[in-house]
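Take a look at the charged side chains here.

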Amino acid sequence: MISYETGLYVRIEEMQGERAPMPKPLSSGFISSQAYRVLGIHSPAETSDAYLILSNERDELWFICNRHLRTVAILKKGPFRLPLGVLLDTEPDSY
């Protein structure tokens, strides 16, 4: 199933260890100082994990496991990526 959440932004907090899900976002064109807009959510039947569809710094689309991500904000509209500092200093309704 694929669903779409309008305006949800997440940040990367990569899970460590041998049980960390692949792909690892910080090795796949994402950076920890950015907030990424969620473009879609996929939840395969064979796992309890959800995979969020994000656009990395190279404008590639990736399915990243929810265990690597933390929520930042929900904005009515915005670009694919924003510096985390912009979201942490801005009221969500002002976007």
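## Arg81 and Glu57

Arg81 and Glu57 form a salt bridge through their side chains, with 3.9 Å from N to O. Arg81 sits in strand 8 (residues 81-83). Glu57 sits in the loop between strand 5 (51-55) and strand 6 (61-65). The two residues are 24 apart in sequence, so their pairing ties together separate parts of the chain. Keep in mind that this is a predicted model.

How accessible is Glu57? Its relative accessibility is 31%, so Glu57 counts as partly exposed. The partly exposed range lies between under 20% (buried) and over 50% (exposed).

## Asp59 and Arg81

Arg81 also takes part in a salt bridge with Asp59. Here the closest N and O atoms are 2.8 Å apart. Asp59 belongs to the loop between strand 5 and strand 6, while Arg81 belongs to strand 8, so this pair ties together parts that are 22 residues apart in sequence.

Is Asp59 buried or exposed? Its relative accessibility is 54%, so Asp59 counts as exposed.

## Glu60 and Arg58

Glu60 pairs with Arg58 in a salt bridge. Their closest N and O atoms are 3.2 Å apart. Glu60 has 31% relative accessibility, so it counts as partly exposed.

## The whole structure

How many salt bridges does a search of the whole structure find? The search finds six. Among them are the Arg81 to Glu57 pair, the Asp59 to Arg81 pair and the Glu60 to Arg58 pair.

Key. Residues are numbered from 1 along each chain as its sequence is written. This is a predicted model: local features need pLDDT of at least 70, side-chain atom pairs count only at pLDDT 80 or more; totals for chains, interfaces and linings use all residues. Side-chain values use heavy atoms; hydrogens and water are left out. A salt bridge is a side-chain nitrogen of Lys or Arg within 4 Å of a carboxyl oxygen of Asp or Glu. Helices (H or I, at least four residues) and strands (E, at least two) are DSSP runs, numbered from the N terminus. Buried means under 20% relative accessible area, exposed over 50%, partly exposed in between (1.4 Å probe, protein chains only).
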